[in-house]
Amino acid sequence: KDRNEQGTIVAVGPGKHTVTGTFIACEVKIGDVVVLPTMGFTKLQFQGDEYFIGPENQILARINKEENE
């Protein structure tokens with residue numbers, strides 16, 4: 001069975017423009033841990049690491065990190 005992938009954001013773009021010209025900035029940032037769908041993202045192998053490339057609006061969830069300080 002397919003299962004959702006979990007990963008850490010390593011790069012983001014600036015955002016996108018809507019059809020009306022409004023700019024929507026990215027909400028995820030480098031270092032965020034996210035859950036990705038089983039389909040829709042492109043898997044890329046690079047220098048022994050596996051990367052998933054896709055649009056922000058298809059990310060299923062952002063996982064909050066609890067810091068014990």
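Leaving aside neighbours within four places in sequence, Val28 is in contact with Ile9, Val12, Glu56, Ile59 and Arg62, where contact means heavy atoms within 4.5 Å. The model is predicted, so local features need pLDDT of at least 70 and side-chain atom pairs count only at pLDDT 80 or more, while totals for chains, interfaces and linings use all residues. Residues are numbered from 1 along each chain as its sequence is written, and side-chain values use heavy atoms, with hydrogens and water left out.

**Nonpolar core**

- The largest nonpolar core has six residues: Ile9, Val28, Val34, Leu36, Phe41 and Ile59.
- Such a core is a set of buried Ala, Val, Leu, Ile, Met, Phe, Trp, Tyr and Cys residues joined through side-chain atoms within 4.5 Å.
- Buried means under 20% relative accessible area, exposed over 50%, and partly exposed in between (1.4 Å probe, protein chains only).
- In soluble globular proteins, nonpolar side chains tend to be buried together.

- Strand β5 covers residues 42-46 and includes Phe46; strands (E, at least two residues) are DSSP runs, numbered from the N terminus.
- β5 runs antiparallel to strand β6 (residues 49-53), and five bridges join them; strands pair if DSSP finds at least two bridges between them.
- Phe46 stands opposite Asp49 in β6.
- The hairpin has two residues between its strands, and Gln47 takes a positive phi near 50 degrees there.
- Gln47 is exposed, with a relative accessible area of 71%.

**Surface patch**

- Leu44, Phe46 and Ile53 form a nonpolar patch on the surface, with about 280 Å² of accessible area together.
- Patches of this kind consist of residues with over 30% relative accessible area and no salt bridge, their nonpolar side chains (Val, Leu, Ile, Met, Phe, Trp, Tyr) being joined within 5 Å; areas come from the Shrake-Rupley method with a 1.4 Å probe.
- Phe46 counts as partly exposed, at 47% relative accessibility.

**Salt bridges**

- The structure holds three salt bridges, each a side-chain nitrogen of Lys or Arg within 4 Å of a carboxyl oxygen of Asp or Glu.
- Lys29 pairs with Asp32, the closest N and O atoms being 3.6 Å apart; Lys29 is exposed at 51%, whereas Asp32 is buried at 9%.
- Asp32 also forms a salt bridge with Arg62, with the closest N and O atoms 3.3 Å apart.
- Asp32 lies in the loop between β3 (23-25) and β4 (33-36) and Arg62 in strand β7 (residues 61-63), so this pair ties together parts 30 residues apart in sequence.
- Lys43 forms a salt bridge with Glu50, at 3.7 Å between the closest N and O atoms.
- Salt bridges that share partners join Lys29, Asp32 and Arg62 into one network.

Technical notes: Patches are made of residues with over 30% relative accessible area and no salt bridge: like charges are joined within 9 Å, nonpolar side chains (Val, Leu, Ile, Met, Phe, Trp, Tyr) within 5 Å. Helices (H or I, at least four residues) and strands (E, at least two) are DSSP runs, numbered from the N terminus.
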